[in-house]
Amino acid sequence: METTAKTCMDALQCIRTRRSCRSYEDRPVAPETLQELLTLGTRAATGSGMEPWGFVLIDGREKIQALSDEIKAWLRPRLGELPWLAQYEEWLGRDSYNIFYNAHNVVIIYGDPASHWYVYDASLCTANIMLAAHAQGLGSCWIGFAESFMDLPEIKERFHVPAEYRIVSTLSLGYAKGHMPEAQRKEPRIFCQG
């Protein structure tokens, strides 16, 4: 019984203290750790047991910097079509800005639309990866800037993603630089109770 209580407290502490990381140390995540994170990700709930997720792993700061530059160049002339990103025009115009925050590792999660629940399932998988990373002393950040670009047919082909799969999330991943304080959140908004 004590083990279960301790495990639950560890999980609660992990949820309470996880933050999006935007500054990484200059060291990669070991391949076996990445594999473990993906395995833990796939322990997520999945509608009808379909497990519709698939992954692309990108390792190395140079490759990730090149991908960041490519995404920024693609996004800038299309901000009118992507109004939710327009507020970041100045960031995207800076040569020094890396959308992956100079991480050594990027994990991209795709979903198979053959499952009606692929977005939910792959999002739950993403959350598992983020929490498991945090529990192991790693930082992560969901990178919205990569969404439209990584779903382009030619980009999916480049990374050997089946054409029918759709992007769900892109995570930067690595060892967080410095300590991050606990996130402050508003109280839950309850529309009806009782």
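A residue is buried when its relative accessible area is under 20%, exposed when over 50%, and partly exposed in between, with a 1.4 Å probe and protein chains only. Of the 194 residues of the protein chain, 41% count as buried.

This is a predicted model: local features need pLDDT of at least 70, side-chain atom pairs count only at pLDDT 80 or more, and totals for chains, interfaces and linings use all residues. Residues are numbered from 1 along each chain as its sequence is written, and side-chain values use heavy atoms, with hydrogens and water left out.

**Overall fold**

The protein chain has 7 helices and 4 strands. These are DSSP runs numbered from the N terminus: helices are H or I with at least four residues, strands are E with at least two. Their order along the sequence is α-α-β-α-α-β-α-β-α-α-β. The radius of gyration is 18 Å, close to the 16 Å that the globule rule gives for 194 residues, so the protein chain is as compact as a globular protein of that length. That radius is taken over C-alpha atoms; the rule is 2.2 Å times the number of residues to the power 0.38. Contact means heavy atoms within 4.5 Å. Of the contacts with a separation of 6 or more, 83% come from residues 24 or more positions apart.

**Aromatic pairs**

Rings of Phe, Tyr and Trp (its six-membered ring) pair if their centres lie within 6.5 Å; planes under 30 degrees apart count as stacked, over 60 as edge-to-face and the rest as tilted. The whole structure holds 6 aromatic pairs.

| Pair | Geometry | Centre to centre | Angle between planes |
|---|---|---|---|
| Tyr 88 and Phe 145 | edge-to-face | 5.3 Å | 90° |
| Tyr 97 and Phe 145 | edge-to-face | 6.1 Å | 85° |

Tyr 97 sits in the loop between H4 and strand S2 (105–111), 48 residues from Phe 145. Phe 145 counts as buried because its relative accessibility is 8%. Tyr 97 is buried too. Tyr 88, at 25%, counts as partly exposed. Tyr 88, Trp 91, Tyr 97, Tyr 101 and Phe 145 form one aromatic cluster.

**Other sites**

Glu 62 is in helix H3. At 73% relative accessibility, Glu 62 counts as exposed. Its C-alpha atom is separated by 12 Å from that of Tyr 101, 39 residues apart along the chain.
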